[in-house]
Amino acid sequence: MTAAPTAGRAVVIGVGNEFRRDDGAGPEVVARLRGRVPDGAELVVSDGEPTRMIEAWAGLPLAVVVDAVRAEPAVPGRLHRLVLDGAAAGPPGSVSSHGLGLDEAIGLGRALDRMPGRLIVHAVEAADLSQGAGLTPAVAAAIDTLAAAVLRDLASPPR
Amino acid sequence: MTHRRDRTLITTGLARVEGEGAMYVRVSGSEVDEVRLDIYEPPRFFEAFLRGRSYTEPPDITARICGICPVAYQTSACQAIEDACGAHVEGPLADLRRLLYCGEWIGSHALHIYMLHAPDFLGYPGAIEMAADHRDIVERGLALRKAGNAIMTLLGGRSIHPVNVRVGGFYRAPSAAELAPLAQQLRDALPLALDTVRWAAGFGFPDFTCGHELLALSDPGRYPIEQGTLVTSGGLAFTAAEFEQYVTEEQVPHSTALHARLTGNGRDGDGRYLTGPLARYSLNSGALLPLAAQAAAEAGLGPECRNPFRSIIVRAVEVVCAIEEALRLIGEYRPPAQPAVPVTARAATGYGVSEAPRGVLYHRYDIGADGGIRSARIVPPTSQNQRAIEDDLRRFVAGRLDFDDEELTRACEQAIRNYDPCISCSTHFLDLRVDRR
């Protein structure tokens, strides 16, 4: 089981690659949050590889993940917020075994009892995930909103 | 079933490989018509992106090509630029570079063995399902990966895309005292690594051998990791500077990765060759450290291994070797006087090679007198192996045409995973699907 929650302890994980255009949204949010998160909150940039994700969030009361997503049809810049409370205890759900993504991290975390107490996922719909640096305007415009949403999550930790 | 006469197997979004890839196999009657591994690879983008940048930037920029083997990219880049600038990294700085690389081998191999490849041998669709039944085993894999990551975090500043590496060495060198806890973690990991070899050696392996020419680095007296010259099982021997004389690349329609072929010494045939653990082991098994050599012998590996399915054992042996080597390097470590040697730009071309976990990684940079990069060339291991992988698949399928489609597809995917292909290296997208009910 996860360790006993310690008030205020949390991790923000920005998932993505800044050389794949809008996939850099997660790292950009983390960059925007530097110096602005409460004490006890750690900022991490990750490629999303499941064992690293598990290592980053295991035992914490709260993990906030920010990631770009492909959606069809996409509304670039549209935001989604998903909350998994008591994530360690939940059913496996629709976790697939393809690729190496967030669903694998959650599936593996659950199988090994290494989930955070609460997992919040902020997803921003991407317009362009091709190779190149820089976010598209619609996604860039959403970064401040995303960063503010993450700060709100950190300000109201799970009880 | 009549569908066994003429059939096409297409797997898009290959599971448990690094990045994006697809497999295409077409069979007509008892003939395998076509086998393609479609891969989408980013180094070409980075080659263009590097033009005009400063000679100090490639280690940081190319580290972004791959989240699993950033140290390989950093090391080959540093060596190529140091070669161009006439700088020599030796002594404790060279040892630190090798130690950092050991961390990457341990972490990358542990990930592939436990999360990506073992599920094939134990009959699970993936690591999550395997963890449900074999939690202790998966925990062992995670502990090994963590030990590798710990080296990368201490020396590289962080485990993903290390930030402490620079041309000429490091921004900061650790003290001997800082390395002591790392040594303890590695001593604890060593029995786990030895158990991994025994565990993997007990898997069932298809009777299959490959006849590809093997290409690996050679570093006299040592198992090749971060440096060396190139040798092949066909008797070729050449330096990094000669790489492009012996290895040519060509575009093929189905892949953004260039296909490499070995030329030179009047070679004929299709020029396919294999780099990576099988080649490294087969050309260097005599240089393994004692515990790794003993583990290899106990696992039934001879002086060379040509069954790609047994590459999981070779990777496990290399994890043992990397831990032994890391402990040796830490034990003998004396901090360098400076964390880096000076590297002054000059108009020249430089070449670098190192043994990424998946095989030889080649970098070349043409640098101008102003320190700007005029051109860059990066040849990653997976594009070198693509022709060999396709050849293996062709022969593997031909011997298993009695399998039903599902069974054959699964077997082919396992065969591809033998090579741990890192085929888009850098990004893993989260697909979002909204089900409305």
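In this predicted model, buried residues account for 53% of the 159 residues of chain A. The chain contains 5 helices and 5 strands, and its elements follow one another from the N terminus as β-α-β-α-β-β-α-β-α-α. Among the contacts in chain A with a separation of 6 or more, 81% are between residues 24 or more positions apart.

The helix α1 of chain A, residues 25-33, illustrates how an element of this chain is enclosed. It is mostly covered, with 7 of its 9 residues buried. These buried positions are Ala25(A), Gly26(A), Pro27(A), Glu28(A), Val29(A), Val30(A) and Leu33(A). Their packing partners in chain A include the strands β1 (10-15), β2 (41-46), β3 (62-70) and β5 (118-125). The helices α4 (137-140) and α5 (143-155) of chain A also pack against the buried residues of α1(A). After α1(A) comes Gly35(A), which has a positive phi near 80°.

Positive phi values also occur in chain A at residues other than glycine. Arg21(A), which is not a glycine, has a positive phi of about 45°. Its place is in the loop between β1 and α1 of chain A. Arg21(A) is buried because 23 other C-beta atoms lie within 10 Å, where the cut-off for a buried residue is 20 or more. Asp113(A), likewise not a glycine, has a positive phi of about 55° and lies in the loop between α3 (102-111) and β5 of chain A. Asp113(A) has 13 C-beta neighbours inside 10 Å and therefore counts as partly exposed.

Chain B has 13 helices and 15 strands. Of its 437 residues, 53% count as buried. Residues 24 or more positions apart make up 73% of the contacts in chain B with a separation of 6 or more.

One helix pair of chain B can be described in detail. Two packed helices are described by the angle between their axes and the distance between the axes. The axes of α7(B), residues 176-201, and α11(B), residues 311-331, come within 9 Å and cross at roughly 160°. The two helices are therefore roughly antiparallel, since an angle over 145 degrees is counted in that way. Their crossing is left-handed. By class, the contact of α7(B) with α11(B) has 21 nonpolar residues, 1 polar residue and 1 charged residue.

Chain B also holds an open sheet of 4 strands in the order β8-β7-β6-β11, with mixed pairing. The edge strands are β8 (237-238) and β11 (273-274) of chain B, each of which pairs on one side only. Within the sheet, β6(B), residues 213-218, and β7(B), residues 229-232, pair in the antiparallel sense over 4 bridges. Ala216(B) has Val231(B) of β7(B) as its bridge partner. Helix α9 of chain B, residues 277-284, packs on this sheet and touches β6, β7 and β11 of chain B. The direction of α9(B) makes about 70° with that of β6(B).

Elsewhere in chain B, Glu31(B) is found in strand β3, residues 31-39. Glu31(B) is exposed because 11 other C-beta atoms lie within 10 Å, and 12 or fewer is the cut-off for that class. Glu31(B) and Ala398(B) are 367 residues apart along the chain, yet their C-alpha atoms are separated by 7.0 Å.

Key. Residues are numbered from 1 along each chain as its sequence is written. Chains are lettered from A and ligands numbered from 1 in the order in which they are written. This is a predicted model: local features need pLDDT of at least 70, side-chain atom pairs count only at pLDDT 80 or more; totals for chains, interfaces and linings use all residues. Two residues are in contact if their C-beta atoms, placed from the backbone, lie within 7 Å. Axes are lines fitted to C-alpha atoms, for helices over the stretch in contact, and angles run from 0 to 180 degrees between N-to-C directions. Angles under 35 degrees count as roughly parallel, over 145 as roughly antiparallel, 65 to 115 as roughly perpendicular and the rest as oblique. A crossing is left-handed if the near helix is turned anticlockwise from the far one by less than a right angle, and right-handed if clockwise. Ala, Val, Leu, Ile, Met, Phe, Trp, Tyr, Cys and Pro count as nonpolar, Asp, Glu, Lys and Arg as charged, and the others, Gly among them, as polar. Two strands pair if DSSP finds at least two bridges between them.
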